[in-house]
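Open the model in your viewer and show it as a cartoon. The tour below goes from the whole chain to the sheet, and then to a single residue.

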Amino acid sequence: YYPKGSGGLSELTEEPRDAKNWRGPYLKQAVPNDPWGNPYLYTYPGKYNTKGYDLMSMGPDGREGGGDDITNWSESK
């Protein structure tokens with residue numbers, strides 16, 4: 001399953017408290033920040049990808065919105 005809840009992407013490197021049969025860590029290092037030094041925003045289940053997850057970088061301005069965000073969904077749906 002995809003990481004969920006407040007643990008988010010950290011569950012790829014650290015065992016979640018409620019883990020059953022966890023076989024991680026799945027990454028050798030923590031998830032890096034985006035190219036502008038900000039953490040990625042991750043949500044599961046996703047608001048836009050309801051059968052998966054949403055992943056977003058807030059882009060160069062470091063703020064959500066403003067037209068420079070990078071997402072794994074399309075606003076034109």
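Among contacts in the protein between residues at least 6 apart in sequence, 22% join residues at least 24 apart; contact means heavy atoms within 4.5 Å. This is a predicted model, in which local features need pLDDT of at least 70 and side-chain atom pairs count only at pLDDT 80 or more, while totals for chains, interfaces and linings use all residues. Residues are numbered from 1 along each chain as its sequence is written, and side-chain values use heavy atoms, with hydrogens and water left out.

Keep the whole protein selected. Its C-alpha atoms fill a box of roughly 40 × 30 × 15 Å, taken along the principal axes. Of the 77 residues, 22% count as buried, that is, under 20% relative accessible area with a 1.4 Å probe and protein chains only.

Next, colour by secondary structure. There are zero helices and three strands, in the order β-β-β from the N terminus on. Helices (H or I, at least four residues) and strands (E, at least two) are DSSP runs, numbered from the N terminus.

Select the three strands together. They form an open sheet with the order S1-S2-S3 and antiparallel pairing. S1 and S3 stand at the edges with a single partner strand each, so one side of each has no neighbour in the sheet. Two strands pair if DSSP finds at least two bridges between them.

Now take the pairs in turn. S1 (41-43) is joined to S2 (residues 54-57) by three bridges; select tyrosine 42 and its bridge partner in S2, leucine 55. Two bridges link S2 to S3 (residues 70-71). Here, select serine 57, which stands opposite isoleucine 70 in S3.

Last, select aspartate 34, in the segment before S1.

Is aspartate 34 buried or exposed? Aspartate 34 is buried, yet has no salt bridge (a side-chain nitrogen of Lys or Arg within 4 Å of a carboxyl oxygen of Asp or Glu). To end, select arginine 63: it is the nearest side chain of opposite charge to aspartate 34, 12 Å away (Lys and Arg count as positive, Asp and Glu as negative; His and the chain ends are not counted).

Terms used. Buried means under 20% relative accessible area, exposed over 50%, partly exposed in between (1.4 Å probe, protein chains only).
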